[in-house]
Amino acid sequence: MEAYKKWNRRSFLGGLGLMAGSVFSGPKLWGRPQKSVASGRGLSRDVYEDLGVTTIINGQGTMTMLGGSLIPPEVEAAMDAASRHFVSIPELEVAAGKRIAEMLKLPEGYSALVTSGAAGAIQCGISGVLTGDDPTLIQRLPDLTGMKSEVIIQKSHRYPFDHQIRATGVKLVEVETREDVRKAVGPQTALMFFTNYLNGAGRIKVDEWVKLSMEHHLPCFNDAAADTPPVSHLWDYTKMGYDLVAFSGGKAIRGPQCAGLLLGQKDLISYALLNNSPYEDTLGRGQKVGKEEIVGMVKALELYLNDDHEALTQEWWRRLDTISRQITRVPGVSTAYYIPAIANHVPTMEINWDPRRISLTPEQAFQLLKNSKPSILLEKTRIGLAMNSFMLQPGEDKIIAQRLTEILRAHRV
Ligand SMILES: *Cc1c(COP(=O)(O)O)cnc(C)c1O
């Protein structure tokens with residue numbers, strides 16, 4: 001229940017009213033009086049309504065396409081405070097990295113960098129491995145003249161974000177077996193790359209892959225972007241020996257949407273920064289990270305590490321249960337549960353119905369929910385719907401339960 005309270009933006013915004021008053025005192029700077037900030041689902045409602053864009057009840061999870069996750073009030077306050085002063089961004093990055101490494105108790109010799117996201121972390125992390133701290137090479141990327149040019153990856157680990165690897169100019173060399181790795185390693189090999197959520201798909205598993213990289217004296221990268229919870233994944237892979245590990249800041253950690261973490265060996269982290277904004281004439285200049293994101297990311301991580309993860313999980317189950325209990329009163333409707341092994345490792349509920357009793361395809365159900373007001377987005381499956389509850393805001397479980405019940409009832413045969 002504690003977790004439930006933490007999510008309540010309304011109480012926070014109520015408190016903020018005082019603060020905002022003192023900061024923005026004086027004549028009204030905006031022509032239109034502000035609508036009540038405590039209405040509906042909080043402050044955000046007005047800004048989206050102003051643009052004619054519908055807000056969404058998110059039963060899909062941390063999807064970048066839907067805005068990732070919602071930052072807790074404390075992160076909002078930290079970003080707000082950060083926005084009021086000028087600072088040296090490189091100095092702030094180094095200080096934040098040091099703090100993050102301490103908070104995560106990373107191994108000796110490791111540090112961290114706040115990036116524009118996990119995708120940004122992949123690109124600047126690999127850039128740094130290629131260039132080191134050589135200014136000429138940094139300026140030259142993605143032309144690899146004078147640098148190594150190949151990254152080894154398992155064939156089954158190719159995925160949309162390998163675009164960020166390829167963006168550095170390197171060629172991906174696909175392997176399947178240990179023997180393939182041995183054959184693939186050569187003077188042009190810069191790095192071995194692992195896609196954490198595809199651990200099950202590859203023949204070489206996460207711990208074995210890093211051992212292989214050590215045998216071949218190659219740096220090793222793990223993209224674990226969406227792989228918290230569990231929180232322990234934040235330190236598991238550096239402990240295993242990975243030289244660089246990427247996480248999204250704006251997924252389950254609930255940091256700023258445009259932030260991510262690159263954890264890794266100190267020298268590699270410093271080279272990654274040299275290849276990134278704020279430095280100009282770098283490949284990463286387009287991946288700007290603001291002072292607000294850096295400070296917000298540190299705060300989000302601090303909160304995430306102090307969260308009662310057990311209580312949060314209970315709350316996520318409770319929300320699913322609220323929905324299940326109501327919709328299964330409709331004859332023919334059933335629910336089932338599972339937890340994905342990795343990535344969105346949270347309670348997930350399948351919602352199924354007997355097509356002989358309810359004449360509704362998964363596509364129709366999905367669309368009816370999507371076109372509801374407020375719009376509700378769940379996942380379609382082959383035979384029904386699925387959802388998780390960790391991105392729901394207080395009360396939204398009840399809204400989903402009610403609307404879904406109406407839809408299912410309306411299609412009884
Ligand atoms: C979401 C995700 C990314 C990208 O992360 P951002 O923080 O949005 O840049 C990269 N890899 C995987 C596996 C992801 O799930």
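Six bridges connect strand β9 with strand β10, residues 348–353, and the two strands run antiparallel; strands here are DSSP runs (E, at least two residues), helices are runs of H or I with at least four residues, and both are numbered from the N terminus. Before I go further, please note that the model is predicted, that local features need pLDDT of at least 70 and side-chain atom pairs pLDDT 80 or more, while totals for chains, interfaces and linings use all residues. Residues are numbered from 1 along each chain as its sequence is written, and side-chain values use heavy atoms, with hydrogens and water left out.

Across from Met 349 in β10 stands Tyr 337. Both strands belong to an open, antiparallel sheet of four strands in the order β9-β10-β13-β12, where pairing requires at least two DSSP bridges between two strands.

I turn now to the ligand. Which residues surround the ligand? They are Thr 64, Gly 117, Ala 118, Ala 119, Tyr 159, Phe 161, Tyr 197, Asp 223, Ala 225, Ala 226, Ser 248 and Lys 251, each with a heavy atom within 4 Å of the molecule.

A polar side-chain atom of Asp 223 lies 2.7 Å from a ligand nitrogen atom. For Ser 248, a side-chain N or O atom is 2.7 Å from an oxygen atom of the ligand; for Lys 251, the distance from such an atom to a ligand oxygen is 2.8 Å. A polar contact is a pair of N or O atoms within 3.5 Å. The protein buries 84% of the 380 Å² that the ligand exposes when taken alone, with areas from the Shrake-Rupley method and a 1.4 Å probe.

Note on methods: Polar contact = N/O pair within 3.5 Å; in protein donor to acceptor, adjacent residues only side chain to side chain.
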